[in-house]
Amino acid sequence: MSEPNLAVIVLAAGQGTRMRSRRPKVLHAVAGKPMIRHVLDALAPLEPARTVVVVGPGMPELTEAVAPAESVVQDERLGTGHAVLTAEAALGARAQDPDAEVLVALGDTPLVTPGTFDRLRRRRAEANADIAVLGFHPEDPGGYGRLICDDAGRLRRIVEAKDATPEELAVGACHAGMVCARAPALFDLLRRVDNANAKGEYYLTDIVALADGAGLTATHAVAPATELQGVNSRIDLAAAEAAMQQRLRHAAMTCGATLVAPETVTLAADTLLEPDVVVHPHVVFGPGVRVGEGAEVLSFSHLEGAQVAAGAKIGPYARLRPGSEIGAEARVGNFVEVKNARLAAGAKANHLSYLGDADVAEGANIGAGTITCNYDGYTKARTAIGAGAFIGSNTALVAPVRVGQGAIVGAGSTITKDVPDDALALGRGDQRNRDAAARRFRELRQGAKDRSEDKG
Ligand code: UD1
Ligand code: MG
């Protein structure tokens, strides 16, 4: 059920000057997912009737990343207040509907959770206020706006760090950036905001000080600092990553996975570890990985876009790239790379292999150094290996090629033709042994060497 009276505006137009990046700030990833997507995913459970993202000009990749949410372009980045006004037209009649509520979120606070948005909305409803802002107490208030309250604890205004006096900077209560307001109050106040401040910007935060004079009320809620750190620099980004990793690891362990050394495991926001999965130290999960019950991932493995079925064993030092599907009880050992390939139940590739664009059927055994030659410089082709087949070490399988079930390929083969079921294929030069030739060779060479030394 969508909330017909709720509209959400997410501010994401800033280039993020302090990031020193060509990429829009909110597209920088935390736990493998762009910051803006974290914020949108945290807003989704609120089921807003409308979600509008304010993007900057020339940011098509951002518009694409936020879809299906609608985006509006703020042509000039004149400040957070101006950005919210830019979204007004997209809300249509809702913008002046006294029953409509607008929740403004920032695209650069990736740790925020649905519960915190709820808390802000509840606070405004309980206080019957026109505006509610979200406060928090960060360890280092640094560049955040400060919440300035009167002696009765009532919020009077928000002062941006750059405009604050030393006394104001000493205030520990900061603004997290989120604002929830009755729609007409929000937009009417924003039209009164000017840019006479240190940054020459139209600050969203100025609506609090303007509320009193307009006969409107403002209040604030307080939420945990762990969720509200904003990301303005690469240093902030690393701090947000660390906080997110800690949260994801706790969630994974709570759901029944063992992380032997949790602080060394990197998870993606969507990593799914089923109960009794064991992850050893120093494993990296990129986006799109699911590991089935009881599977084990050994140290120094890197997985991305991979499905691992129950009881499989991966690593140490394995690399599963996108499109890898590892069947139940299958084994992928050290220095094995798998890409866009399926290893069925019980299949084994234990050492030093590349399996790309391949289908390896049940119980097949892939010897050390096997390579599927899947690319001719222009197109990719597939290799099929039948159930129970045995591929000898150091074999090159030149795709497209099929090795039948139960077939054996001799070590060191280069296989360019299909191998029938149960056949033995040898694709290597025949060996010739010449009796005593090694001894004769040594005698010959040693003799020559001795003669030349005598002369010298
Ligand atoms: C803002 C708040 C500050 C708060 C902090 C919390 C204001 C004026 N300040 O400061 O009180 O403590 O967040 O993290 O609101 N944006 C636009 N258009 C613009 C400017 C910014 O869309 O013209 C977007 C940015 O992309 C960003 C968000 O708004 O996602 C916040 O902007 P940013 O410049 O990071 O504001 P802060 O200085 O962090
Ligand atoms: Mg910011």
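Residues are classed by relative accessible area as buried (under 20%), exposed (over 50%) or partly exposed (in between), with a 1.4 Å probe and protein chains only. Thr-379 is partly exposed, at 49% relative accessibility. The model is predicted: local features need pLDDT of at least 70, side-chain atom pairs count only at pLDDT 80 or more, and totals for chains, interfaces and linings use all residues. Residues are numbered from 1 along each chain as its sequence is written, chains are lettered from A and ligands numbered from 1 in the order in which they are written, and side-chain values use heavy atoms, with hydrogens and water left out.

Ligand 1 sits in the largest pocket. A molecule sits in a pocket if more than half of its atoms lie within 2 Å of the pocket's grid points. The elements that give two or more residues to the shell around ligand 1 are α3 (80-86) and β10 (174-182). Helices (H or I, at least four residues) and strands (E, at least two) are DSSP runs, numbered from the N terminus.

There are 24 residues around ligand 1. A residue is near a molecule if one of its heavy atoms lies within 4 Å of it. Gly-14, Gln-74, Thr-80, Glu-160 and His-175 come nearest. Polar contacts (pairs of N or O atoms within 3.5 Å) were also listed. A backbone N or O atom of Gly-145 is 2.9 Å from an oxygen atom of ligand 1. A polar backbone atom of Leu-78 lies 3.4 Å from a ligand 1 oxygen. Arg-18 contributes a polar side-chain atom, 3.4 Å from an oxygen atom of ligand 1. On its own, ligand 1 has 760 Å² of accessible area, and the protein covers 94% of it. Accessible areas come from the Shrake-Rupley method with a 1.4 Å probe.

The search of the whole structure returned 0 disulfides. A disulfide is a pair of cysteine sulfur atoms within 2.5 Å. For Cys-149, the closest cysteine sulfur is that of Cys-174, 12 Å away and therefore too far for a bond. Cys-149 is partly exposed, at 34% relative accessibility. Cys-373 is also partly exposed, at 28%.

Helix α1 spans residues 35-43 and is mostly covered. Of its 9 residues, 7 are buried. These are Met-35, Ile-36, His-38, Val-39, Leu-40, Ala-42 and Leu-43. An α-helix has 3.6 residues a turn, so residues three or four places apart point the same way.

Two cis peptide bonds are described here. One joins Ala-67 and Pro-68, with omega about 10 degrees. Pro-68 lies in the loop between α2 (60-66) and β5 (70-73). Another joins Gly-315 and Pro-316, with omega about 5 degrees. Pro-316 is in the loop between β20 (313-314) and β21 (319-320).

Positive phi values also occur outside glycine. Asn-128 has phi near 45 degrees. Asn-128 belongs to the loop between α4 (114-127) and β7 (131-136), and is exposed, with a relative accessible area of 55%. Phe-335 has a positive phi of about 55 degrees. Phe-335 is part of strand β23 (residues 331-339).

Thr-379 is in the loop between β28 (371-373) and β29 (383-385). Thr-379 and Val-55 are 324 residues apart in sequence, and their C-alpha atoms are 38 Å apart in space. Gly-107 occupies the loop between β6 (101-106) and α4. Gly-107 is buried, with a relative accessible area of 0%. From Gly-107 to Arg-434 the separation is 327 residues in sequence and 75 Å in space, C-alpha to C-alpha.

Technical notes. Polar contact = N/O pair within 3.5 Å; in protein donor to acceptor, adjacent residues only side chain to side chain. 1 Å grid on protein atoms, 1.4 Å probe; cavity = no way out; pocket = protein on both sides within 12 Å on 5 of 7 lines; lining within 4 Å.
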